[in-house]
Amino acid sequence: MPSKKILIGAAAALMLLAAAYLATGAETGLVSDPASAAAPDTTGCIYPKEYMHSHHMQVLADWKEHAAHEGPDAVMTAPDGRRFQKDLATCLGCHSDNRQFCFSCHTYANVKPNCWNCHISPQDLP
Amino acid sequence: MKKVFLPLIWVALLSCIPYVGVAYFGMSYIFGVVIPYLAALLFIGGFSWRIYDWLSRPVPFCITTTCGQEKSLDWIAHQKLESPATKWQAALRVMTEVLFFRSLFRNTKAELHTGPQLAYASSKWLWMGGLAFHWSLLVIGLRHARFFFMEPPLFIRLVERTDRFFELTLPAFYMTDALVLTAITFLVFRRLRDAKLRIISLQTDFFPLFLIGAIALVGMSMRYVEKVDVMAVKAQMMNLLSFSFAAPVEIGPFFYVHLFLASVLAVYFPFSKLMHAGAIFLSPTRNLANNSREKRHVNPWNKPIKFRTYAEYEDEYREKMKKAGLPVEKD
């Protein structure tokens, strides 16, 4: 009976698709503690604007890794000598002023990063 | 080895042209606006012309290739896909061919062993590699819709989500990226490994593989390594889609390499073996129904034959036949 096999195959494919949808589609997540120890330097961004336009995801990925490995010791020194705690809260210290800061571009470019699966999104802040 | 390295050098040269042009001579308008439009025009024109050319060729005979029982008496099982009897069955057979490479699945290899003994065996590697290559390219093409639509259709978003299922890196890793590179590597080495295949492979077999490989590599490097500003890329692609001739804003030269190589591929497409994409739908051995015992297929350019019936013959010679005492049908 090939039709039975086809049905089983279709069911398996559907489950895989549903799993993919659920695993990658969740845009909201658990709330983590956004509080940071020191008040971040708000005089300017760590890198020039043009660099951050194209490379911010790489910086965030590196920061995530370093923060996970080094904890409070994960501190970066910007090219101009200023020091920043490697923490998403450091970024949001300035950039959560505009609640749409992340989302207006990500929506336009159809990018769906998985930051907010764990971190609280500026859109969800009170 | 000239036929392997020459296409490789060509692809390398083609990648350098836009890089040098944009990075050192500021020719971003030519590579970002003029060439993509020209390439799109040539692609659409060339593709349509090839299809029109093939469609206007007559198909005088029923030459479908089959490998199964054709429709016969009721008590003989008809294999609908192997020997389609109707247009719909033939269409279904073409679609299974296009989507799953059914006939390649039957690929066999012949090996001469000591003895001498000739052995045949099933060989599914080409089928698997080809399937991985083509499906990855399809998924990658669909994924690019995010640059062409403000909001891609749900189906495409679903495909894209499934593709980055593993969420390995921060611009999420796409599995088709790895798949397509693996498949291209396999397809190139398949042609190089076997002496028989090396002999029959031509420059035109290697060039598209290298070109598509280069496009994929540059595209991937833009995503994972040497980043470009995605906002500017999207703005530029939306510009092109709305037929605007506005100058592109500052984007990294890798984007122009990617776009230029894709333009080269589009121009190369209608004039090369890549036209199998359109030709597979038009091959008479595949898309015809095997109904030569049900329907009479007449060659359209057969000259009309002048027949002379016996009645006409008798009309002409009746008197003479009567005189000679021959029997006639009509008096």
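1. The side chain of B:R143 makes a polar contact with the side chain of B:T176, at 2.6 Å. A polar contact is a pair of N or O atoms within 3.5 Å; within protein, one must be able to donate a hydrogen and the other to accept it, and residues adjacent in sequence count only if both atoms are side-chain atoms. The model is predicted, so local features need pLDDT of at least 70 and side-chain atom pairs count only at pLDDT 80 or more, while totals for chains, interfaces and linings use all residues. Residues are numbered from 1 along each chain as its sequence is written, chains are lettered from A and ligands numbered from 1 in the order in which they are written, and side-chain values use heavy atoms, with hydrogens and water left out.

2. B:R143 sits in helix α5 of chain B. Helices (H or I, at least four residues) and strands (E, at least two) are DSSP runs, numbered from the N terminus. With a relative accessible area of 8%, B:R143 is buried. Here buried means under 20% relative accessible area, exposed over 50%, and partly exposed in between (1.4 Å probe, protein chains only). Leaving aside neighbours within four places in sequence, B:R143 is in contact (heavy atoms within 4.5 Å) with B:E160, B:D163, B:Y174, B:T176 and B:D177.

3. B:R143 and B:D163 meet through their side chains in a salt bridge, 2.6 Å from N to O. B:R143 belongs to helix α5 of chain B and B:D163 to helix α7 of chain B, so the pair ties together parts that are 20 residues apart in sequence. A salt bridge is a side-chain nitrogen of Lys or Arg within 4 Å of a carboxyl oxygen of Asp or Glu. B:D163 is also buried, at 4% relative accessibility. Side chains of opposite charge can pair when their charged atoms come close.

4. How many salt bridges are there over all chains? The count comes to 16. Among them, B:R293 and B:E70 pair through their side chains at 3.5 Å, N to O. B:R293 is in the loop between α14 (284-287) and α15 (310-323) of chain B, and B:E70 is in the loop between α2 and α3 (87-100) of chain B, so this pair ties together parts that are 223 residues apart in sequence. B:R293 counts as exposed, at 72% relative accessibility, whereas B:E70 is buried, with a relative accessible area of 17%. Another salt bridge joins B:D53 and B:R57, whose closest N and O atoms are 3.1 Å apart.

5. The largest nonpolar core has 47 residues, and B:F133, B:L211 and B:F255 touch the most other members. A nonpolar core is a set of buried Ala, Val, Leu, Ile, Met, Phe, Trp, Tyr and Cys residues joined through side-chain atoms within 4.5 Å. The elements of chain B that give two or more residues to this core include α1 (2-25), α5 (125-143) and α12 (253-268). The largest share, 12 residues, comes from α10(B). Not counting residues up to four places away in sequence, B:L211 touches B:V11, B:L261, B:V264 and B:L265. A second, separate core of seven residues includes A:I46, A:M76, A:A78 and A:F84.

6. Chain A has four helices and two strands, in the order α-α-β-β-α-α along the sequence. Of the 126 residues in chain A, 25% are buried. In helix α3 (residues 88-95) of chain A the buried residues are A:L88, A:A89, A:T90 and A:L92. What covers them includes α2 (49-70) and β2 (83-85) of chain A. The N-terminal end of α3(A) is capped by A:D87, with a side-chain oxygen 2.9 Å from the backbone nitrogen of A:A89.

7. Finally, the interface. Chain B and chain A each put 23 residues into the contact. Between them they bury about 2200 Å², 63% of it on carbon and sulfur atoms. Buried area is the accessible area (1.4 Å probe) that two parts lose on being put together, summed over both. There are zero salt bridges between chain B and chain A, but six residue pairs are in polar contact across the interface (both at pLDDT 80 or more). On the side of chain B that touches chain A, α7 (154-163) and α11 (230-241) each supply at least two residues, and α11(B) gives the most, with five residues.
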